Amino acid sequence: MSPLIDAAFVAAQNDKLARHVHHDYEHLGDQLARRDIDIETVRRQVAAFGVAIPSWGVGTGGTRFARFPGPGEPRHVFDKLQDCGVIQQLARATPTVSLHIPWDTCSDYAELRQAAADCGLRFDAMNSNTFSDAKGAARSYKFGSLTHTDPAVRAQAVEHNLQVIEIGRQLGSQALTVWIGDGTNFPGQQHFRRAFERYLESARRIYAALPGDWRMFLEHKLCEPAFYATVIQDWGSSHLAASALGPKAQCLVDLGHHAPNVNIEMIVARLIAAGKLAGFHFNDSKYGDDDLDAGSVAPYRLFLVFNELVAAAHERVAGFDPAYMLDQSHNVTDPIESLMVSAGAVQRCHAQALLVDRAALDAAQEANDALGATQLLKRAFETDVTPLLQRVRLDAGGAIDPVGAYRASGYRARVAAQRPAVMGGAGGIV
Ligand code: LRH
Ligand code: MN
């Protein structure tokens, strides 16, 4: 892998901080040892954890009102991979990229696969797009895609998903994420049961085309773009569909796709128990599908999700193999910085969840010791694992302070000089 930022420069940045990291790490090790926790075991588990970067996240995002591009906007999927390579080089927690078709189409996928490898990256789940009309599309998805009343529109949407699977197969991906915006804005506009039946009919044709070792991730969402009813609006509809399709179909949880205050960690526990947890699109939100940086608004909520994940791994739950991805929109920050910090926030919640005393928690729960139980979670969440995360990055050849190293590297200015400036414009997330 050819470093995108000079490795010697990163090493020099680390030299200024390494002595403190080793001291702080030893100190944290002593603290954890007093809690019968071996920091080396936790470090190995954290080092083995990775979260995928959404290719659509490295460009500046927008809202329906406007998008304000920054300097050095990626022009195409190869620029996006390069920016993802910088995130992986410095933060060392994002070894895979999740692509979105047609936003990431190119003429030579073997060349794209090699370009990713040159940036130290592999491909995670592919994302299809039947929520907007591609240029030159024969039929429109204005009134839906996989659930449209016109079988010709449904056939077009199914065909698109088969093309995405074929592209993913060439790139070494092993999963297809299907999120559709299908739904309505008025009571009476749609027959709910027939629409769901049309969804299943279309999804079965996609499922039948999955290569043997692939999975299909169904992504539910409460609302937007539909604001009265969405066909796959919650985990219940998603689970019904995934169960009807078969073992390779599972339910993907995008944290922003729930009504405010919904207990997402309990939904995660239900899907784990059902063997239907596909994985995650991590982000944060305060109101709706805000796609804010993971852990930036409600880090304890993210921790509680990881508490369920670590408990399932600890209990060796059968078929537990979730895919971890970020899905965010960076409207006012440098996307590279936000993605590095967000990957760190996800990694931090994973590390903290590994510090929960599972045996004591089980005992407190059995004894109905409510305060004792919740204090065990708080103690883990309130443990500052920064030295452990810094040590994991340092050992992996990354930057102790990824944002500091990135800013000092001048990478953004360098690509801004190479990539023509993009004017602001109409709305849209990309
Ligand atoms: C829908 C969604 C979905 C992606 C899109 C970019 O809100 O979360 O996962 O296809 O964002
Ligand atoms: Mn998503």
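Q: What makes a stretch a helix or a strand here?
A: Both are DSSP runs, numbered from the N terminus: a helix is H or I over at least four residues, a strand is E over at least two. By that numbering, proline 225 lies in the loop between strand 7 (215-219) and strand 8 (229-230). The model is predicted, so local features need pLDDT of at least 70, side-chain atom pairs count only at pLDDT 80 or more, and totals for chains, interfaces and linings use all residues. Residues are numbered from 1 along each chain as its sequence is written, and side-chain values use heavy atoms, without hydrogens and water.

Q: Where is the cis bond from isoleucine 101?
A: That bond runs to proline 102, again with omega near 15°. Proline 102 sits in the loop between strand 2 (96-98) and helix 4 (109-118).

Q: Why is glutamate 224 called partly exposed?
A: Buried means under 20% relative accessible area, exposed over 50%, and partly exposed in between (1.4 Å probe, protein chains only). Glutamate 224 has 37%, so it is partly exposed.

Q: Why does aspartate 291 count as buried?
A: Its relative accessible area is 10%, so it is buried. Phi of aspartate 291 is also positive, near 50°. The residue lies in the loop between strand 10 (277-282) and helix 9 (299-314).

Q: How do you know how many disulfides there are?
A: A disulfide is a pair of cysteine sulfur atoms within 2.5 Å. By this rule the count is zero. For cysteine 251, the nearest cysteine sulfur is that of cysteine 223, 19 Å away. Cysteine 251 has 0% relative accessibility, so it counts as buried. Cysteine 349, at 4%, is buried as well.

Q: What makes a set of residues a nonpolar core?
A: Its members are buried Ala, Val, Leu, Ile, Met, Phe, Trp, Tyr and Cys residues, joined through side-chain atoms within 4.5 Å. The largest core has 111 residues; Tyr199, Phe280, Phe282 and Leu388 touch the most other members. Apart from it lies another core, of eight residues, including Phe217 and Met325.

Definitions and conventions
Chains lettered and ligands numbered in written order.
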